[in-house]
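Open the model in your viewer and keep the selection panel at hand. The tour has two stops.

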Amino acid sequence: MSRIIGIDLGTTNSCVAVIAAGEKPEVLADETGQRITPSIVAYTPDGEILVGVLARRQAIPNAENTIAGAKRLIGRKVNSDEVAWFAKSAPFRIVAAPNGDAWVRIGKEPKSPQEVASHVLARLRAIAEAASGEPITRAVVTVPAYFNEAQRQATRDAGAIAGLDIVRILNEPTAAALAYGAHRVKQGRRVIAVFDLGGGTFDISIMAVENGIFEVLATDGDSALGGEDWDRKLVERLADEIFDQYRIDVTTIPVALGRLKESVEQAKKELSEASMAIIRLPYLATTSSNEQIHFERELTREELELVTEDLRKRLAAPCQRAMEEAELTPRDIEEVLLVGGMSRSPAIQAVVESIFERKPSKGANPDEVVAQGAASYGGILAGTLDDAALLDVTPHDIGIKVGNSSFAVMIKRNSMLPVRARRLFATTQDDQSYVKVEVYQGTSDDISGNRRLGSITLEELPQGKAGSVRIELIMTLDVESLLSVTARERSTGKQAQVEIRPSGGLSRKELVEIITRRRKQQRAPDGTNETRSGQADA
Ligand code: AMP
């Protein structure tokens, strides 16, 4: 059987890993040795599509057509809070698809985030094929635990466009816990926290692990907090200094700003190991009196920590909320796992220690651990790895509309999958001839704040007074998040059933069109439109 690769499709960076029989998961490097691929896709003026480092390198002059953070749009409506927030700072155009989904606009052409993300997946697939020397068609892809069904389905669609059958969508904290081996430590039930601070987002998950089963007890986080905010603070500080000294605002000079950003990120990373780093930027800009600015400055770990103190303070509240939701205190949590590149920072680790009252585990590579866990899971599914049986949970309440606008929950969020729920209803009018059940998911008591998944109508009800005709509603959600809803009238046994594969926004027709177009482009004889990527920064 062919291998199933594991993919961490991140907001900022992505990573691919695979596991061979009897071995540990291995993160795969591209042809230049890079193990992490920036989740950036660029459409160049000559019709080329660049992915990763190459896309990032040309981002400044081609900002409108360089898409970073497509994961923030995938499976979301353009009028959602997250998209509205993201649109404020995104240098590219975010537009509404006919169904209200958030798409991007490249030149005159709208493109779905599924299609954008598919280029990253295709790139990772190519890295895996080159490394293993065999065709790869199947993958386990991770998503945040709070992703709803539409976001999960949209991720599957991105895989299909990239020619990958996504055999399982796995929650990121579950993948991390699997890679850390959290299920192998001891018998019985253990509670762990997965603290994930990446480039753009912060996620905290509290999980229980028992007999190889991972259960997400609570998730929280801050989708507007990540390593890039640390970089931004430093850029602001240094740009102010340069202004004070030379009366020139480097944030308005794209090339200078790009260099400044790159060098502060590098310094920030170095300061996770060393107590001092040097930022050296010769020929950064030219002043109005034609003087060249050669910027050079030492940055100490202490100063970095001082400048970014307010960012660190934002980490505690989501952790407290998650513990409250799981009805746990720090004492109940036996281990804290670090995920995300930013969690390498000693100051972040100190915050984690103060919140959870214990030292976090550092045994793994935080930027690779999610891909490793996905690869292990791929190994379990492919039969090459004999390890934990895994169950996942649903991250949202699923229920029905009652009355004009209320939401009655049937399957509670964080229920372990598969799950089945049953509820009895009665008619509300005399001689009511039919009943229509509308299914929603979300967390709001008011239906308008939730996402409609579908509906089911049961007709030809027996005549009777209001309240006398009883209808049983059964919902089941399987491990692949396929929701099936059955409504049955009790006295006659008459029933209606619907299966809902929560949609990711692209219709089958749109998916087929994108895949066909992609195949044609790949066959283009002049070599244009092929996807290029990789190559380390010089
Ligand atoms: P991820 O999304 O997990 O790849 O995390 C990327 C973020 O981690 C970026 O903001 C990086 O600057 C940051 N990062 C990577 N390595 C380090 C490090 N050694 N120390 C501090 N931050 C880091």
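Predicted model: local features only at pLDDT ≥ 70, side-chain atom pairs only at ≥ 80, totals over all residues.

Local features need pLDDT of at least 70 and side-chain atom pairs pLDDT 80 or more, totals for chains, interfaces and linings use all residues, and side-chain values use heavy atoms, without hydrogens or water.

**Stop one: the ligand**

Now show polar contacts (pairs of N or O atoms within 3.5 Å). An N or O atom in the Glu-265 side chain is 2.6 Å from a ligand oxygen. For Lys-268, a polar side-chain atom lies 2.8 Å from an oxygen of the ligand. Gly-199 uses its backbone: a polar atom there is 3.1 Å from a ligand oxygen. Alone, the ligand exposes 500 Å², and the protein buries 89% of that (Shrake-Rupley areas, 1.4 Å probe).

Colour by element next (DSSP runs: helices H or I, at least four residues; strands E, at least two; numbered from the N terminus).

**Stop two: the second largest pocket**

Select Arg-76, Glu-82, Asn-148, Gln-151 and His-396. Of the 29 lining residues, these are the closest to the centre of the second largest pocket. A pocket is an open set of points on a 1 Å grid where a 1.4 Å probe fits, with protein on both sides within 12 Å along at least five of seven lines; lining residues have an atom within 4 Å of a point. The space here is about 1000 Å³, the volume filled by probe spheres set on the points.

β15 (213-222) is one of the contributing elements; β15 gives the most, four residues.

Finally, colour by domain (automatic or database assignment). Domain 1 (4-170 + 509-532) and domain 3 (397-500) both give lining residues, so the pocket lies between them.

Methods. Residues numbered from 1 in each chain as written. Polar contact = N/O pair within 3.5 Å; in protein donor to acceptor, adjacent residues only side chain to side chain.
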